[in-house]
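Here is a short tour for anyone who likes to look at a fold before computing on it. Have the viewer ready and follow along.

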Amino acid sequence: MKIKKGDLVFVDKGKSRSKTGKVLRIIPKENRIVVEGLNMAKKHARPRRQGEKGQIIDIPRPMSLSNVRLVCPACGQPTRVGYQIGQDKKKTRLCKKCHQAIK
């Protein structure tokens, strides 16, 4: 996967279009991603104890990985991700716009 947990991503499509957020979770088998504060859904929670009220909670739902692009930390633009193999045989992610390594 070219996007990892903790990365900043830009949403291209869907109801959260043109917003950015931090990746909370990646689901590789389903090719989906959960982004903090985006693609929110309402969940109805039952009361846990006597006397407590039920509530409606907003939770982020998974969205397709194809709907997001990584935001490069160096140039600050949404970009595609490439790979580069260095002298020490390590594979690093690379910004396709500014050609800087992504940490």
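Among contacts in the protein between residues at least 6 apart in sequence, what percentage join residues at least 24 apart? The figure is 36%. Please keep in mind that this is a predicted model.

## Fold and overall shape

Strands are what you will find here: the protein has 11 of them and zero helices. Read from the N terminus, the order of elements is therefore simply β-β-β-β-β-β-β-β-β-β-β.

The radius of gyration is 18 Å, whereas a compact globule of 103 residues would come out near 13 Å.

Let's step inside. Of the 103 residues, 28% count as buried. The largest nonpolar core is made of 10 residues, namely I3, V9, V11, V23, I33, V35, L38, M63, L65 and V68. At least two residues of this core come from β1 (8–11), and at least two from β3 (32–35).

Beyond its neighbours within four places in sequence, M63 touches V11, R32, I33, V35, L38, N39 and V68. Another core, of five residues, lies apart from the largest one and includes L70, C72, V81 and C95.

Technical notes:
Residues are numbered from 1 along each chain as its sequence is written. This is a predicted model: local features need pLDDT of at least 70, side-chain atom pairs count only at pLDDT 80 or more; totals for chains, interfaces and linings use all residues. Side-chain values use heavy atoms; hydrogens and water are left out. A nonpolar core is a set of buried Ala, Val, Leu, Ile, Met, Phe, Trp, Tyr and Cys residues joined through side-chain atoms within 4.5 Å. Buried means under 20% relative accessible area, exposed over 50%, partly exposed in between (1.4 Å probe, protein chains only). Helices (H or I, at least four residues) and strands (E, at least two) are DSSP runs, numbered from the N terminus. Contact means heavy atoms within 4.5 Å. The radius of gyration is taken over C-alpha atoms; the globule rule is 2.2 Å times the number of residues to the power 0.38.
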